[in-house]
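Hi everyone, thanks for coming. Let me put the structure up, and then I'll walk you through a few spots in it.

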Amino acid sequence: MSVTSLSSPAQVSDPIPAPDAAGGLCVWPASARPAAGGDVTVAGISLTEAADRFGTPLYVLDEGEVRDRCRAYRTAFPDADVVYAAKAFLCRAMARWVEDEGLGLDVCSVGELGLAMTAGFPAGRIVLHGNAKSPEDLYTAVRLGVGRIVLDSTSEIARLAEILPEGERQKVMIRVVPGIAAGGHTKIRTGTEDQKFDLSITDGSAQHAIARVLAQPRLELVGLHCHIGSQISSVKPYVAAVRRMVGLMALIRDHHDLELPQLNIGGGHGIAYRPGEDSLDLTALANRVRAELADGCSHAKLPVPRLTIEPGRALVGPAGVAVYRVLTVKETSGRTFVAVDGGMSDNPRPALYGVRYAPRLIGRRSTAAPAPVTVVGRHCEAGDIVAEDVALPGDVRPGDLVAVPAAGAYHLSMASGYNLVGRPPVIAVRDGSAWMLVRRESMDDMNRRDIGL
């Protein structure tokens, strides 16, 4: 892996025109700085030079930001297991950074598990998750010695027990519906009865699953798991979830004479994608959750279980910036469409959830007044929108560069091969150096999979 030092343009004191009212970089990585000629640097690296060297679309990931956010979680939750939700974004380097900072890893498939293992991630610090694990997922997790497996259905109980060799035991958790609606969109709310995740307390399926696990000598029930949703900016739903989970743990103690030693309250911690949006207050979350857990266990006469949290987006989302090149500018029916060389194949979130971003013109200084535009992708879908009704300089033109901050999570991890344009590369930046983490998907990559002719 080669490390390349790109020149860092001299920083300037005059503000750069930006799409937010404050004219700042508040939702960018903390290392982002305005630079000469309308450029922006991240960790000392010019985004314009990075785009010229590595091509566009391009994802830039600030290693220092990721590590700082890992450390912030470890500081806020010193007596808990902090487990990174790999579905947000995973590559070998990301797994290594997370391991270095003392976090565990939550994976949802044999693919994520296998990649983590090739990076040398300790299997005992890995949690296997997912609402519909395949036999291969379970078999591989057992073979590699994954630390905990979260059971999401009763069918997984017998399947997992059959896989385990005689004399071995696997630590498992039961994922339970806490009955709490939270999250930035209906499609990412997972704490209620009307969705595919979890086992319900209300209809008794959670209690039935618990009894079945306890009847399996090869399974060791170590705790409960819940996940209430994603992109949550309020502490209150987590406090409510802890209260309900402690209540269920007390029932398990009373009915089965078992005091569970662990409680996993999931992740879903919200970040700001645009200036003025709220993000979850990590310090407030830690203080309120610990207080509720201690108070609830005291009233229930339970020992306080070891807490697990699973941040994903909150660790990697703010560390990433997507860089696109403008291909066309079109005015029609009173609207201006700025089309870029990426789109829903590398970021489907606007099409899925209606997510709003704050793109910024970089690479040249414009004196034109901001004008409302819709930044769209290159794909053959009307819903291929990167950022709707945002302000960019009125003279934006083909060849310009547009950067989208808060792009580290659920972009490339959800990317597709639509229109066979190839998925973008990811470069890491730190201390004035840039290097490739994931190369651009080539036509040769795609052709090698097509073997039917």
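This is a predicted model: local features need pLDDT of at least 70, side-chain atom pairs count only at pLDDT 80 or more; totals for chains, interfaces and linings use all residues.

Residues are numbered from 1 along each chain as its sequence is written, and side-chain values use heavy atoms, with hydrogens and water left out.

Let's start inside. A nonpolar core here is a set of buried Ala, Val, Leu, Ile, Met, Phe, Trp, Tyr and Cys residues joined through side-chain atoms within 4.5 Å, and buried means under 20% relative accessible area with a 1.4 Å probe, protein chains only. The largest such core has 109 residues, and Phe77, Tyr84 and Leu224 have the most contacts inside it. Helix α8, residues 236-256, gives the most to this core, with 10 residues; helices are DSSP runs of H or I, at least four residues, and strands are runs of E, at least two, numbered from the N terminus. Another core, of 23 residues, lies apart from it, with Val40 and Ile45 among its members.

What does Phe77 touch, leaving aside its neighbours within four places in sequence? Its contacts (heavy atoms within 4.5 Å) are Val82, Leu282, Leu285, Ala286, Arg290, Leu307 and Ile309.

Now the helix pair. Helix α2 (residues 63-76) packs against helix α3 (residues 92-100) at an angle of about 40 degrees, and their axes are 9 Å apart. Those axes are lines fitted to C-alpha atoms over the stretch in contact, and angles run from 0 to 180 degrees between N-to-C directions. On the α2 side we have Glu63, Val66 and Arg67, which meet Met94, Trp97 and Asp100 in α3.

On to single residues. Is Ser46 buried or exposed? Ser46, in strand β4 (residues 45-46), is buried, with a relative accessible area of 1%. A polar atom of its side chain lies 3.0 Å from the backbone nitrogen of Glu49.

Asp445 sits in helix α12, residues 443-449, and is buried too, at 13% relative accessible area. Its side chain has a polar atom 2.9 Å from the backbone nitrogen of Ser442. Beyond neighbours within four places in sequence, Asp445 is in contact with Arg439 and Arg440.

Last stop: Gly394, in the loop between β19 (385-393) and β20 (401-404). Gly394 and Pro372 are 22 residues apart in sequence, yet 8.1 Å apart in space, C-alpha to C-alpha.

Key
Buried means under 20% relative accessible area, exposed over 50%, partly exposed in between (1.4 Å probe, protein chains only). A polar contact is a pair of N or O atoms within 3.5 Å; within protein, one must be able to donate a hydrogen and the other to accept it, and residues adjacent in sequence count only if both atoms are side-chain atoms.
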